[in-house]
Amino acid sequence: MAHSREPILLDEGWAHMRAGFEKLKLILAGEPGVAFVSVEYMHLYTTIYNMCTQKPPNDYSGLLYQRYQEVLNDYITATVLPSLQDKHGEFLLKELVFRWKNHKLMVRWLSRFFYYLDRYFISRRSLVPLKNVGWDSFKTLVFDNHKATVTSILIAMVDEDREGQIIDRTLVKNVLDIYIEIDSDSGSKLYNEDFEDAFLKATVDYYSKKAQAWIVEDTCPEYMVKAEECLQKEKQRVAQYLHANTEPRLMEDVQEELLTSHMEQILRKQNSGCKVLLCDEKVEDLSRMFSLFSRINGGLTPVSKIFQEHVNEVGMSLLKQAIDAATSKKNEKKDVVSTLELDYVRKILDLHDKYKAYVINCFQNHTLFHKALKEAFEVVCNKTVAGCSSAELFAAYCDSILKKGGCEKLSDEAIEENLDKVVKLLTFISDKDLFVEFHRKKLGRRLIFDRSGNSDQERSLLSKLKQYFGAQFTSKMEGMINDVTVAKDKHTDLENYIRENPELNPRVDLSVQVLTTGYWPTYKSTDINLPSEMVKCVEVFSKFYHSNTDRKRKLNWIYSLGNCTVVGNFKAQKIDLIVTTYQAALLLLFNESERLSFSEIVTQLNLSEDDTVRLLHSLSCAKYKILNKEPNSRTISPKDVFEFNHRFTDKMRRIKVPLPPSDEKKKVIEDVNKDRRFAIDAALVRIMKSRKIMTHQNLVAECVQQLSRMFKPDIKMIKRRIEDLITRDYLERDRDAPNSYRYVA
């Protein structure tokens, strides 16, 4: 037969529980040999269970919930608070860590005894769970009363750590864990408000004092080493004992005090700032500077600015040296360009290499520094040296490394490398079309006179140019190289043709190159009266050419580009003279006459006086005096008389008689300006055709933008071209808007 259980009264049940609590205190106090056995634990759990599940009025759930908190509060008041009372510094921290650890243990045991409350009573009434009640009591009675002291002890310990003293880092971490654990529900609010804010304020004060002292005492590199070390150590501190969320704010504050606040002073420090580091090539310090200032928002802008200023200054000083050298060379009557092209251009290429390496290695390929390098070189590369533009110098430099026997003795790899560098620097010059024209002129001379060292290298340069600037940049020059290749094949056909038609044999070794008019630069050509031997050659080739080519094609002979070997029968010996076609024609006149006056030579050759003066100068006043001149002087005048110098001698059996160089530059610049006019016209018409109506300002701006890939168009020239297009009925002024133009379809 079932019988009902006698209810346990509150005082009776609580007496059992108190005995259990006393034993728990002994366990926490570390009494040896004291422990709960499972029977005791079950008895305590069951007592609470029974007291909570009895019928009213003996259901003591509410009272037991209150008494749970009282037990903890009594223990804290009687044991924990007195243990902390007389302790200071690290001893206080150690005691606090010990007491918190014990308190957590106590809460865990009590929560097991009172488990039934947590499970049913608390969840039904939406009360605070036992664990939280337990932790709140420690927070309210212990932590809140000591946190200000604890925070200042912790900050003092961190400062000692910063000064290199040994501290108990584990202890610091354990104390900071209390801030986070005790307040786990609010997501580190206690840690942020009661520790982190004060800690960061103290950090700012600490580093502010340090920075003020270091900025006075240390050089820029020394300061940066200290700053870098501090930043690394602060990062380590977070890993060792601070909360991970502290890192962003901490690093920002340290950077602000050490770097941002003193940025200008650090970078421009006298005798050791950024500029000095660049001058002294302190690569490691520059790398450190980059990594430090890249942390700061906008920190790299002033560094890149100093870098740009420095590169600009070094470039301008090279330019000044080159100008000074050119001025002194002019006085020595030397070939100015050759010294400049090899010296100045090589130095500029090396300079770009050097600072490109800085951008890649020290400044980690950062776009700001690429931009700074580009802008510095744009200034330097668009200056002229003794009247020579960079476009002309780069073309001359390419010529010197590509032609046979050039001044530069370089391996194939070195030539490729140098051509690469030149093309990269061409991106900085605004008059790329001027370079093209100078290069085309020089390429033409190399190809026609067979002075090109290697056709693969010529093609390689063109492919590099094409890659950077597009096909329109190189199409004509590619055509020139093809013409020369075809001409070599045609030469064999010519020899076969003469062999098959012996009556046409001109008894002269004949070689002719056919050039396509559109590809090649325009060359000066005059209708010189050729000697009969040469007339025969011209006729033979014309017959051969028309026999296997379209009749519509017209041959224009450019004798100014020809050269030949004539034999001089001097008294001492025969000498082969390598001369131009014009020089040869002049010399052959002396087969018919011993003496000829200046005017007779002009008449017989049908040349202008200026051209005749150049020829006669090369044959009678220069290095080789093949003709005698009366009167004997260094200049040619219309009254002079010339005769063949039978007594001429030379230790060589074969000599080249040079012509004084003609001024090609003027012609190149004229040609380029003419092409520019066409390019501007085409761009203006193209823009207006698509837009129909446009304001003057917008039209000019778009025209400049479209053409700046090849050259920087002059605004005045654009205005003149617009006026010209209006007179030619391509455009008209808009009647409704006076500052606008309309396209005339």
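1. How many Å separate the centres of domain 2 and domain 3? The separation is 41 Å, taken over C-alpha atoms. This is a predicted model, in which local features need pLDDT of at least 70, side-chain atom pairs count only at pLDDT 80 or more, and totals for chains, interfaces and linings use all residues. Residues are numbered from 1 along each chain as its sequence is written, and side-chain values use heavy atoms, with hydrogens and water left out.

2. Domain layout. The chain splits into domain 1 (10-145), domain 2 (201-297), domain 3 (304-484), domain 4 (562-662) and domain 5 (665-743). These bounds come from an automatic or database domain assignment.

3. The interface between domain 2 and domain 3. The size of an interface is often given as the accessible area lost when the parts come together. Here about 1200 Å² is buried between domain 2 and domain 3, and 68% of it lies on carbon and sulfur atoms. Buried area is the accessible area (1.4 Å probe) that two parts lose on being put together, summed over both. Lys275, Leu278 and Phe290 supply 51% of what domain 2 buries against domain 3, more than any other three residues. On the domain 2 side, eleven residues are in contact with 13 residues of domain 3; contact means heavy atoms within 4.5 Å.

4. Domain 2 and domain 3 share three salt bridges. A salt bridge puts a side-chain nitrogen of Lys or Arg within 4 Å of a carboxyl oxygen of Asp or Glu. Lys354 and Glu281 form a salt bridge through their side chains, at 2.7 Å from N to O. Two residue pairs are in polar contact between domain 2 and domain 3, both at pLDDT 80 or more. A polar contact is a pair of N or O atoms within 3.5 Å; within protein, one must be able to donate a hydrogen and the other to accept it, and residues adjacent in sequence count only if both atoms are side-chain atoms. On the side of domain 2 that touches domain 3, α12 (274-279) and α13 (283-293) each supply at least two residues. Helices (H or I, at least four residues) and strands (E, at least two) are DSSP runs, numbered from the N terminus.

5. Salt bridges in the whole structure. The count comes to 54. Lys320 pairs with Asp324, with the closest N and O atoms 3.1 Å apart. Both residues lie in helix α14 (residues 300-331), four residues apart, about one turn of the helix.

6. Aromatic pairs. The structure holds 38 of them. Trp100 and Phe138 make a tilted pair, 5.1 Å centre to centre with 50° between the planes. Trp100 sits in helix α4 (residues 89-113) and Phe138 in helix α6 (residues 130-162), 38 residues apart. Rings of Phe, Tyr and Trp (its six-membered ring) pair if their centres lie within 6.5 Å; planes under 30 degrees apart count as stacked, over 60 as edge-to-face and the rest as tilted.

7. Ser542. This residue is in helix α22 (residues 532-547). Its side chain reaches the backbone oxygen of Val538 at 2.8 Å. Leaving aside neighbours within four places in sequence, Ser542 is in contact with Leu555 and Trp557.

8. Backbone points to check by eye. The peptide bond from Pro56 to Pro57 is cis, with omega near 5°. Pro57 lies in the loop between α2 (38-53) and α3 (61-85). Glu630 and Pro631 are also joined by a cis peptide bond, with omega about -5°. Pro631 is in the loop between β4 (627-630) and β5 (641-644). Gln364 is not a glycine, yet has a positive phi of about 45°. Gln364 lies in the loop between α15 (336-361) and α16 (367-381).
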